[in-house]
Amino acid sequence: MASSGFRRLDETALVDYIQATHALFSKLANQLDGLQIKEVGDGNLNFVYIVTSSGGSFVIKQALPYIRCIGESWPMTKDRAYFEATALREQRRWCADHVPEVYHFDREMAVIGMKYLEPPHIILRKGLIAGIEYPLLAEHMSDFMARTLFFTSLLYHDTTEHKRAVAEFCGNVELCRLTEQVVFSDPYKVSQYNRWTSPYLDQDAEAVREDNILKLEVAELKSMFCERSQALLHGDLHTGSVMVTHDSTQVIDPEFGFYGPMGFDTGAFLGNLILAYFAQDGHADQVNDRKSYQEWILKTIEQTWNLFHNKFTALWNEHRNGSGEAYLAEIYNNSAVQLLIQKKYMQCLFHDTLGFGAAKMIRRIIGVAHVEDFESILDESRRANCERRALLFAKMLLKERRNFQAITEVISAIQQEQS
C-alpha cells in the first residue's frame with residue numbers, strides 16, 4: 001500500500017487501511033466477516049490493536065510522534081517502528097521459535113502488522129503478578145538471549161558485516177537517548193518525570209541522589225551503553241515484553257533495538273524477575289503467602305543464567321572456526337587460551353548483567369515508568385516496603401557486582417535482603 005502522509009489510525013480508519021493492504025487483508029482471507037478490532041496498548045509509547053475475523057487474525061502496532069503516556073509535550077520519532085520491525089525480523093532469523101512473524105511494515109505510517117499471539121498467551125509480568133509458574137520460561141528465554149546475542153556479535157560476524165549492522169541501528173538514536181535519560185540519568189537527580197511511593201520512599205530517593213559511589217558506577221554503565229556495540233539488543237527486555245503460555249514464550253516490542261552491550265538485555269530480564277520476587281509479599285494473602293512462588297522465581301533466575309551461559313558458550317565452540325573476527329582462530333589456537341578467553345568474556349558479561357539489571361531495577365522504583373508488579377499493590381505502605389527492599393538490593397548489586405562470581409551467590413544475596 002502506498003500511504004500518503006502519516007495519520008493516526010483509529011478503529012474506523014484501520015478497516016480502510018486493512019482493505020487497502022494486501023499483506024494484511026489476505027491474512028483475513030480477503031473478507032471482513034465477523035471483523036473485530038480491539039485497542040489493547042497498555043505500554044508507554046504506542047497504540048496496539050488486535051484484529052480478528054472469521055478468516056484470520058493479526059496485531060497492528062502504530063508508533064506515534066510522541067510518547068503516549070506523557071503526551072505531545074514529549075515528542076518522539078515514529079521512525080522507532082522501522083527499527084522495531086527490522087529488529088523483529090533479524091531476531092526471528094536467529095530464533096524463530098520465540099519471535100512472532102512480521103507480516104507488514106509501513107514506514108511512513110509507522111505501522112507494523114504481525115502475528116497475533118492468541119490466548120492463553122498473556123504478558124509475562126501479569127502472569128508473575130498472578131503467581132503462575134512457567135516451567136519452560138528459563139529454557140526459552142536463555143535460548144532467545146543466547147542465539148540473538150551470539151549471532152549478531154563479532155563472535156559470529158566479520159567486522160565489515162558487523163559495522164554495517166551497527167551503522168543501520170545507529171539511526172535509533174532517539175530511543176537510545178530516552179534510555180540514557182530514564183535509566184542512567186533521571187533517577188540520580190531531581191527530575192520532573194521522577195516519581196515514587198511518597199512519602200514512604202522520599203528519603204530512599206534522596207539517598208540515591210546523594211550516593212557518590214552509586215553515581216560513579218552508573219556513569220560507567222552509561223558509558224558502556226553508549227559506546228560498546230557488542231550485539232543487536234532487544235533494548236527493553238523486561239517481563240512486559242514477553243508473552244507466555246505454559247509451553248510457549250514469545251519476545252515482542254524491540255523498538256529500542258540497537259547494537260550495545262549484551263549485559264543490558266540479560267540484565268533487564270533478570271532484573272525484572274528480581275523485581276517480581278520482591279513484589280510477591282505485596283500480593284500474598286492468608287490463602288497464599290507466595291513463599292513457594294518466590295522460590296520458583298529464584299530457581300528461574302538461576303536456571304536462566306546458567307542455561308544462557310551454557311548455550312552461548314556452546315554456540316561459540318560450534319562456530320569457533322567460522323567467520324567471526326573477535327578472536328581469530330589463527331591466534332587463539334589452543335584449548336588453554338580458548339578457555340581463558342571464554343572465562344574472561346563470560347565473567348565480564350555476568351558482571352555487566354548484574355550492573356545493568358540493578359540500574360533497571362532502580363529506575364523502575366524512583367524513575368518515570370514503574371512496573372505493575374509493585375503498582376498493583378494498593379496498600380501504599382505495603383508497596384513501599386516491597387519497593388524499598390528491592391531498591392536496597394539493587395543499590396548493593398550495582399556497587400558490588402564484581403564481587404559476585406556465580407549466580408548462586410546473587411540468589412543468596414536476594415534471600416538475605418528479603419529476610
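**Ground rules**

I number residues from 1 along each chain as its sequence is written, and my side-chain values use heavy atoms, with hydrogens and water left out. As the model is predicted, local features need pLDDT of at least 70 and side-chain atom pairs count only at pLDDT 80 or more, while totals for chains, interfaces and linings use all residues.

**Strands**

I took helices (H or I, at least four residues) and strands (E, at least two) as DSSP runs numbered from the N terminus. Two strands pair if DSSP finds at least two bridges between them.

I started with strand E2, residues 46–53. Seven of the eight residues of E2 are buried; buried means under 20% relative accessible area, exposed over 50%, and partly exposed in between, with a 1.4 Å probe and protein chains only. Strand E1 (residues 36–39) pairs with E2 in the antiparallel sense over four bridges, and I found Lys38 opposite Ile50 in E2. Strand E3 (residues 56–63) runs antiparallel to E2 and is joined to it by eight bridges. Tyr49 has Ile60 in E3 as its bridge partner. Two residues lie between E2 and E3, which form a hairpin.

Next I looked up an open sheet of three strands, with the order E8-E10-E11 and antiparallel pairing. Strand E8 (122–123) and strand E11 (249–251) are at the edges with a single partner strand each, so one side of each has no neighbour in the sheet. E8 pairs with strand E10 (residues 242–244) over two bridges. Val244 in E10 is the bridge partner of Ile122.

**Cavities**

I worked on a 1 Å grid over the protein atoms alone: a cavity is a set of points where a 1.4 Å probe fits but cannot get out, and a pocket is an open set with protein on both sides within 12 Å along at least five of seven lines. Lining residues have an atom within 4 Å of a point. Grid points are joined across faces, edges and corners, and a volume is the space filled by probe spheres set on the points.

The search of the whole structure gave three cavities of 30 Å³ or more. The largest cavity holds about 120 Å³. It is lined by 13 residues, of which Leu155, Trp316, Arg320, Tyr327 and Leu328 are the closest to its centre. I sorted linings by class: Ala, Val, Leu, Ile, Met, Phe, Trp, Tyr, Cys and Pro count as nonpolar, Asp, Glu, Lys and Arg as charged, and the others, Gly among them, as polar. The lining of the largest cavity has nine nonpolar, three polar and one charged residues.

The second largest cavity has a volume of about 70 Å³. Helix H10 (262–283), H12 and helix H15 (407–418) each give at least two residues to its lining. That lining has eight nonpolar, four polar and no charged residues.

**Second largest pocket**

I put the second largest pocket at about 220 Å³. Helix H11 (291–318) and helix H12 (335–366) are the elements that give two or more residues to its lining. H12 gives the most, with five residues. Of the 13 lining residues, Trp305, His309, Phe350, Gln405 and Ala406 lie nearest the centre of this pocket.

**Two residues**

Thr313 is in helix H11 and is buried, at 10% relative accessible area. Its side chain reaches the backbone oxygen of Asn310 at 3.2 Å. Not counting residues up to four places away in sequence, I found Thr313 touching Gln342 and Met346; contact means heavy atoms within 4.5 Å.

Gly324 is in the loop between H11 and H12 and is buried, at 11% relative accessibility. Beyond four places in sequence, Gly324 is in contact with Leu154, Leu155, Tyr156 and His157.

**Backbone angles**

Most residues other than glycine have a negative phi, and most peptide bonds are trans. I noted the exceptions below.

- The peptide bond from Pro119 to Pro120 is cis, with omega near 15°, and Pro120 lies in the loop between strand E7 (111–114) and E8.
- Ser198 and Pro199 are joined by a cis peptide bond with omega about 10°.
- Ala29 has a positive phi, near 60°, and is partly exposed at 44% relative accessibility.
- Arg290 has a positive phi, near 70°, and is buried at 8% relative accessible area.

Definitions and conventions:
Polar contact = N/O pair within 3.5 Å; in protein donor to acceptor, adjacent residues only side chain to side chain.
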